[in-house]
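Morning, everyone. Please have a look at the model on the screen.

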Amino acid sequence: KDTLEIKILPKEEVFVPSLFTPNNDNNNDVFLVHAECIADINVKVFDRAGNLVYEATTVEQATKIGWDGNHNGKPQPNG
């Protein structure tokens, strides 16, 4: 009896940009994680002082909604 085994590996690709420009010019205004075929994600962004300024705990938050660069209603400084 001949047998054939096939393994299908899901394609998981994640790209996290190292910068964005939330200056309302409609070009890279929102920080978004670009990902395919992932079920869970947790993204945290900290300022230079180590304070948490953004967190996404769902795939939709991280890949579709994103972060506009504000924390507590205030634009965060560059860097």
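First, the ground rules. This is a predicted model: local features need pLDDT of at least 70, side-chain atom pairs count only at pLDDT 80 or more, and totals for chains, interfaces and linings use all residues. Residues are numbered from 1 along each chain as its sequence is written, and side-chain values use heavy atoms, leaving out hydrogens and water.

Now the fold. The protein chain has one helix and six strands. Both are DSSP runs: H or I of at least four residues for helices, E of at least two for strands, numbered from the N terminus. The order from the N terminus is β-β-β-β-α-β-β.

Next, dimensions. The C-alpha trace spans about 70 × 25 × 20 Å along its principal axes.

What share of the 79 residues is buried? The answer is 19%. Buried means under 20% relative accessible area, with a 1.4 Å probe and protein chains only.

Now threonine 63. It sits in helix α1, residues 59-65. Threonine 63 counts as buried because its relative accessibility is 16%. Its side chain reaches the backbone oxygen of valine 59 at 2.7 Å. Leaving aside residues up to four places away in sequence, threonine 63 touches Leu32, Val33 and Ala35. Contact here means heavy atoms within 4.5 Å.

Terms used:
Buried < 20%, exposed > 50% of the residue type's maximum accessible area, 1.4 Å probe, protein only. Polar contact = N/O pair within 3.5 Å; in protein donor to acceptor, adjacent residues only side chain to side chain.
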